[in-house]
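Dear colleague,

Please find below the structure that I am handing over to you. A short account of the findings follows it.

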Amino acid sequence: MYKNILLLLVLCVSSALCRTVTFKIISFGSKVQVKINKSKYTLKPLNNDEILYAGKLSTAPEGKFNYHYIVDGKEENFNRVFDANASTTYIEFFERKDTVKKLKTFSYPNNNWNRSIGKTELFDDSYIPTIHITGKTADELFTKPQNKYYTLEKVTFYFKNSKKVVTNVKANPKNKNFAKFQIKMNINSKNNVYGRYLLKLRNGGEDPTNLRQFIYGNIIQALGMPSIHSNMVRVYYNKKPVGFYTLQEEAYSDSFIRAEFYGNSTTQAINAPSKLGYALDGSCGADFEYHPDDMTYYWPFAEKSGESKDRLVALCGAISKLNVNSSSAVKKFEQQWFDIDTFHKAMAMEYLTGDWDGYWYATSNFAVYDDPNQSTKNTYKFYFITQDHDETFGVGLCPPHNTVGYNFPKISYTTMLNREWHVVPDDADHRTLVDKFIAGSPALQKRFQNTLISIVQNIFNPVAFRNVVSSYYNRYQPEMKWDFSFKRSYTPSAAAAAGSPNYTYNDFETNMEKKVGGLEWGLYEWVSLRAEAIKKEFCITWNGDSNPPKKSCKPANNL
């Protein structure tokens with residue numbers, strides 16, 4: 001006989017043998033049960049939630065016990081284990097075997113960034129959150145997306161211990177040439193989600209693994225620099241599947257600045273100044289030459305309403321006057337104007353990943369922010385922040401940025417110094433920050449080079465990289481299988497989809513190692529080729545290297 005947990009009044013034969021526990025599970029069915037031994041107990045929607053079911057059982061066994069869920073008569077084909085010391089489950093997901101599974105992490109010795117609020121439950125990647133978008137507007141957005149902002153009636157975020165409901169969310173669809181398009185969400189700042197209120201659902205449409213953005217973000221966080229956070233999430237609307245997305249912040253938003261520059265990871269509190277500095281968004285053509293009498297030069301930098309580019313121009317003036325051959329001048333400049341250390345890390349990552357849509361290759365997809373807590377009336381302390389890491393690890397890497405094909409990962413960074421650029425019509429002529437803070441003096445170039453080598457030795461090599469990323473693959477493989485298992489609600493027109501890749505689940509599996517379609521490199525292959533080229537150039541090695549350089553090896557560039 002089935003028993004309703006919420007109404008169960010059966011007493012234990014001995015109170016010493018029983019305890020009260022709570023079950024919570026996300027399900028898109030209508031009849032949800034939990035089975036313990038041979039007994040089944042019915043769960044009910046929690047506070048009339050659309051997909052979250054829960055129930056309290058007062059006759060649960062003491063100690064560990066096995067259980068599993070049944071939805072509309074379908075049973076999970078594995079057993080879950082209820083811990084002896086627990087009184088409740090996390091928010092579980094039907095047919096997902098591991099509710100919480102800690103991923104391996106990248107390790108770097110010089111991570112000095114301690115200003116972030118941290119991951120919080122929003123970006124806790126030991127758990128896969130669910131986002132459920134409900135209301136009439138959601139139907140319109142996900143079936144016929146237009147170039148406009150939508151006001152979504154309700155968006156619910158489900159985390160491992162809690163849920164967060166936000167209403168009247170402004171949403172803007174992007175990249176509609178893919179059936180699984182991207183969405184930017186603006187949430188009321190007073191009803192934020194763990195301090196964040198501008199979030200993006202990003203799709204790796206050009207990335208068969210759907211992991212490159214997530215990997216990039218985790219590496220730069222490990223390196224110790226202001227970096228956007230990400231998590232992999234399932235998205236649904238009105239109980240219909242949308243896809244497996246990368247949930248991500250936006251670098252120039254006040255939401256990100258407050259959480260990343262003024263947070264406390266222990267207390268998860270934010271103590272931002274009442275008036276933030278200016279975060280400027282750099283798009284193609286945004287560079288840092290000093291042109292005080294020609295403000296049109298700075299048009300590629302987007303500022304927010306009520307802000308200006310005056311501080312940016314002041315920074316450019318300070319850069320132009322800096323004597324990079326004076327160590328004391330450089331030290332003073334770093335204190336007053338610009339954080340060179342985090343910039344070096346950012347450029348090392350752009351080079352290592354072939355991030356052709358970033359600053360070094362395309363003067364695009366970055367932000368700069370001046371921190372008022374470190375600024376004065378006449379000086380403004382700026383930080384460089386990278387974002388939008390989808391065109392990386394070989395994705396989209398073709399002419400005019402790549403003129404050598406498969407051998408691109410073997411090119412030295414030194415070929416990208418002090419050169420004329422203007423690769424595409426909107427591109428800037430130079431890379432002022434690179435030429436000043438990397439190529440500007442032997443000391444600065446040596447400093448950058450040491451950072452580059454350290455990243456390869458600790459993270460960006462075939463051994464360390466595969467060790468961490470394989471845990472991502474194992475965790476997300478079932479999610480990717482689900483992502484390719486259903487037909488999207490939206491189908492782009494043939495004209496809109498022309499030229500866009502249409503990858504399959506097999507491509508996801510294959511591209512971890514090998515090329516697929518127009519993508520020339522497998523993910524692990526790219527890292528191996530780049531790391532081996534740097535090994536050869538600088539005569540370095542790393543832990544677990546099966547082919548270290550010979551003792552007679554001499555660096556090609558010995559600064």
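**Findings**

Among contacts in the protein chain between residues at least 6 apart in sequence, 68% join residues at least 24 apart. Please note that the model is a predicted one.

The protein chain has 13 helices and 22 strands. Its C-alpha atoms fill a box of roughly 80 × 60 × 55 Å along the principal axes.

As to charge, the protein chain carries 69 positive and 56 negative side chains, and the centres of the two sets lie 7 Å apart. The count of salt bridges comes to 32.

One of them joins Lys35 and Glu75, with the closest N and O atoms 3.8 Å apart. This pair links distant parts of the chain, since Lys35 belongs to strand β3 and Glu75 to strand β7, 40 residues apart. Lys35 is buried because its relative accessible area is 18%, under the 20% limit, whereas Glu75, at 32%, counts as partly exposed.

A further salt bridge forms between Lys304 and Asp254 (3.5 Å, N to O). Lys304 lies in the loop between β20 and α4 and Asp254 in helix α3, so the pair ties together parts 50 residues apart in sequence.

Within helix α13, Glu532 and Lys535 are three residues apart, about one turn of the helix, and their side chains meet in a salt bridge of 3.0 Å, N to O. Glu532 is partly exposed, while Lys535 is buried at 5% relative accessibility.

Finally, Lys184, Lys200, Arg202, Glu250, Asp388 and Asp390 are linked in a network of salt bridges.

With kind regards

Terms used
Residues numbered from 1 in each chain as written. Predicted model: local features only at pLDDT ≥ 70, side-chain atom pairs only at ≥ 80, totals over all residues. Heavy atoms only, no water. Helix = DSSP H or I, 4+ residues; strand = E, 2+ residues; numbered from the N terminus. Contact = heavy atoms within 4.5 Å. Lys, Arg positive; Asp, Glu negative; His and termini not counted. Charge placed at Lys NZ, Arg CZ, Asp CG, Glu CD. Salt bridge = Lys/Arg side-chain N within 4 Å of Asp/Glu carboxyl O. Buried < 20%, exposed > 50% of the residue type's maximum accessible area, 1.4 Å probe, protein only.
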